[in-house]
Amino acid sequence: MEKLGKDIIGTSGLAPFFEVVNADDVSINAPLNRKGNALRTWVRSLSGFQKEALVHSALTGRTWRLVSDEGPYLNGHDAAPCPLAFLSTGMVASFMNEILALAVLQGIEIRKLKLIQDNYYTMKGSMPKRTMVGGAENIDLRVEIDCDLEDGPLKEFLINATYASPLNGLMRGQLESLFKLGKNGTELPTAKVAELDGPLFPDPGNHFAKAEARTSSIKLMAPVGPTPKKNVVLGTTAGGSSLSDEQDRRLNIGAVAVMREDGIKEIQQMQYSPYGTSFRFLSSEDGRAPDANTLISAGIGFCFMTQFGRFVSMLKLDLPDYRIVQDTHFSHGGATGGTGKAGEADPIETHVYLETSESDETAQEMLDISEQTCFLHAFCRTDLKTKLKVVRV
């Protein structure tokens with residue numbers, strides 16, 4: 001099947017991920033830091049399902065440039081990881097951060113540690129009938145560990161560490177995301193989705209193009225090859241499967257994380273369903289690679305943007321250009337931040353900018369359906385648990 005759009009990521013000559021050295025020139029800044037860390041994420045459509053994000057963190061002061069693509073299941077070019085890969089890698093990185101920090105606080109020696117995580121999502125309904133809905137399911141986390149804790153205390157320790165993750169705030173409870181909508185430079189009221197108080201932010205436009213890369217010898221992301229195949233109930237492997245008018249399918253994105261000797265987390269993302277390429281990510285909280293909250297925030301923005309592209313391509317609507325500005329607010333980690341509390345988060349706040357010849361009502365519907373079918377906004381509005389399995393190695 002013919003691929004959608006041009007392969008801008010693959011032909012640009014730019015490193016897919018890099019730290020931006022001139023955030024002031026780009027004019028991206030952080031939101032007011034009201035919980036511990038506030039991140040502003042800009043995302044723009046490049047071509048087809050290819051997208052570019054800039055993520056600026058109030059806590060670190062750093063800005064990262066990241067890109068995302070889709071594979072054959074969406075007729076994409078497979079030039080970069082899919083949106084859901086970013087949430088999975090950021091999540092497993094955050095869990096590892098809290099496990100290691102809590103071990104230090106409690107004087108526990110961890111000699112070996114490997115995390116194997118599976119995230120599950122659903123897509124059900126009819127796009128022509130506007131009944132298609134994205135969903136999120138509980139997370140499976142397998143911890144392979146060597147330490148001296150007995151079984152009971154070890155499981156309690158790991159449960160406390162996962163609760164300490166800032167992402168816990170989006171998982172536990174039901175947070176309704178908030179939105180502002182702009183069409184062709186004019187603010188519109190939202191229709192079905194909850195509207196954010198306050199004015200529409202200025203459109204970032206083409207400010208993305210001003211971003212300059214910090215020189216680094218580390219390759220922050222690279223394809224590994226085809227993901228090992230496994231059976232996923234209601235899973236899909238067919239090309240174009242995610243563009244079917246009627247759907248009842250289940251997605252499974254995996255992540256396998258280990259700590260390298262240099263203190264950088266190496267995470268392999270697994271694309272089980274829809275089936276696709278596995279990519280390797282690096283993550284670090286010290287600025288050598290994107291931090292966990294940056295990857296999480298980028299993933300939410302990328303996934304939401306994909307739903308716009310999917311909706312308009314399936315219904316042959318006009319949307320040549322679209323962007324978002326998204327704010328995420330997380331608490332400090334319970335262990336990494338020394339709070340001793342479960343991680344917290346505020347509802348996602350997103351400003352949407354559409355360039356379209358369609359009517360105002362259609363622009364509002366684009367937003368409504370994109371929120372309705374977004375797996376990661378479903379993740380936020382669903383009370384989720386992490387199902388833990390501990391294996392001694």
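**Figure 1. Helix 3 (83–106) is mostly covered in this predicted model.** Helices are DSSP runs of H or I with at least four residues, strands are E runs with at least two, and both are numbered from the N terminus. The end C-alpha atoms of helix 3 are 35 Å apart, which agrees with the 34 Å that its 24 residues should span at 1.5 Å a residue; the expected span is 1.5 Å times one less than the number of residues. Just after helix 3, Gly 107 has a positive phi of about 70 degrees.

**Figure 2. The largest cavity has a volume of about 150 Å³.** Glu 70, Leu 74, Leu 84, Leu 251 and Phe 375 are the closest to its centre among the 17 lining residues. Helix 3, strand 12 (246–259) and helix 6 (292–314) each give two or more residues to this lining, and helix 6 has the largest share, with four. By class, the lining holds ten nonpolar, four polar and three charged residues. Nonpolar covers Ala, Val, Leu, Ile, Met, Phe, Trp, Tyr, Cys and Pro; charged covers Asp, Glu, Lys and Arg; the others, Gly among them, are polar. A cavity is a set of points on a 1 Å grid over the protein atoms alone where a 1.4 Å probe fits but cannot get out, and a lining residue has an atom within 4 Å of a point. Points are joined across faces, edges and corners, and the volume is the space filled by probe spheres set on them.

**Figure 3. The second largest cavity holds about 50 Å³ of space.** Its lining has 13 residues, with Tyr 73, Asp 78, Cys 82, Gln 271 and Thr 277 nearest the centre. At least two lining residues come from each of strand 13 (265–273) and strand 14 (277–283). Five of the lining residues are nonpolar, five polar and three charged. The model has three cavities of 30 Å³ or more.

**Figure 4. Ala 191 lies in the loop between strand 9 (186–188) and strand 10 (194–195).** Ala 191 is partly exposed, at 47% relative accessible area. Leaving out residues up to four places away in sequence, Ala 191 touches Gln 364 and Asp 368 (heavy atoms within 4.5 Å). Ala 191 and Glu 361 are 170 residues apart in sequence, while their C-alpha atoms are 8.3 Å apart in space.

**Notes.** Residues are numbered from 1 along each chain as its sequence is written, and side-chain values use heavy atoms, without hydrogens or water. In this predicted model, local features need pLDDT of at least 70 and side-chain atom pairs count only at pLDDT 80 or more, while totals for chains, interfaces and linings use all residues.

Methods: 1 Å grid on protein atoms, 1.4 Å probe; cavity = no way out; pocket = protein on both sides within 12 Å on 5 of 7 lines; lining within 4 Å. Buried < 20%, exposed > 50% of the residue type's maximum accessible area, 1.4 Å probe, protein only.
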